[in-house]
Amino acid sequence: MTDEYWDIYGADRQPTGRTHRRGDPLPPGDYHLVVHVWIRTPEGKYFITRRAPEKEIAPLVWEATGGSALAGEDSLAAALREVREETGLALRLENGVVFESIRREDSFADVWLFRQEVSLADFVPQPGETIDARLASPEELRGMARAGETFFSFAYMERLFCFAEGLEQGRIV
């Protein structure tokens with residue numbers, strides 16, 4: 001496995017011109033870029049994947065696809081690459097929108113929403129990352145989140161569902 005490098009940003013999300021090797025401690029005040037990618041079908045279901053059992057954090061938990069941007073990648077390129085690597089799916093860039101950007105302790109997380117038809121038959125798991133995929137309604141995802149460790153829930157999830165519904169109804173341009 002080759003080393004993975006991230007671009008480093010300051011607290012204002014401006015690039016510093018430095019890179020960081022994944023796995024090394026990130027100095028305080030340094031940030032890297034992370035993407036969360038939610039795929040919503042025309043039927044209003046979300047494509048989620050199940051994490052591999054060997055994952056150090058949250059093994060076997062269902063989640064939206066995501067990961068860190070590699071050095072030289074912007075948010076969109078990272079979102080498209082992560083989905084392709086972890087699921088085998090090809091997203092169309094014109095179907096995506098950044099729903100929210102969140103500054104966290106050591107990263108900026110861009111939450112992407114892609115509105116696109118996807119088929120579970122096209123899912124190709126990535127060894128060591130994903131083992132399964134499914135389509136779930138917001139109600140099903142809420143139930144999974146309430147059940148505890150079965151779904152990697154995020155604080156923004158309800159806002160995302162409302163945003164997606166607004167886009168579908170033409171209330172958000």
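Is asparagine 95 buried or exposed, judged by its relative accessibility? In this predicted model, asparagine 95 has a relative accessibility of 18% and therefore counts as buried, the cut-off being under 20%. The residue is located in the loop that links helix H1 (75-87) to strand E7 (96-103). Its side chain forms a polar contact, at 3.1 Å, with the side chain of glutamine 116. Beyond its neighbours within four places in sequence, asparagine 95 is in contact with Leu113, Phe114, Arg115 and Gln116.

The protein chain contains three helices and nine strands, arranged along the sequence in the pattern β-β-β-β-β-β-α-β-β-β-α-α. With a radius of gyration of 16 Å, close to the 16 Å given by the globule rule for 173 residues, the chain is as compact as a globular protein of that length. The C-alpha trace spans about 45 × 40 × 30 Å along its principal axes. Of the 173 residues, 43% are buried. Among contacts with a separation of 6 or more, 61% are between residues 24 or more positions apart.

The largest nonpolar core comprises 20 residues, of which Trp38, Tyr46, Ile48, Leu113, Leu141, Phe151 and Tyr156 touch the most other members. At least two residues of this core are supplied by each of strand E4 (46-51), strand E8 (107-115), helix H2 (138-146) and helix H3 (157-168); H3 provides the largest share, six residues. Another core, of 19 residues, lies apart from it and includes Ala79, Val83, Leu91 and Phe108. The accessible surface of the chain amounts to about 9,200 Å², with 51% belonging to carbon and sulfur atoms.

Technical notes
Residues numbered from 1 in each chain as written. Predicted model: local features only at pLDDT ≥ 70, side-chain atom pairs only at ≥ 80, totals over all residues. Heavy atoms only, no water. Helix = DSSP H or I, 4+ residues; strand = E, 2+ residues; numbered from the N terminus. Buried < 20%, exposed > 50% of the residue type's maximum accessible area, 1.4 Å probe, protein only. Polar contact = N/O pair within 3.5 Å; in protein donor to acceptor, adjacent residues only side chain to side chain. Contact = heavy atoms within 4.5 Å. Core = buried A, V, L, I, M, F, W, Y, C linked by side-chain atoms within 4.5 Å. Rg over C-alpha atoms; globule rule 2.2 N^0.38 Å. Areas by Shrake-Rupley, 256 points an atom, 1.4 Å probe, with all protein chains shown as cover.
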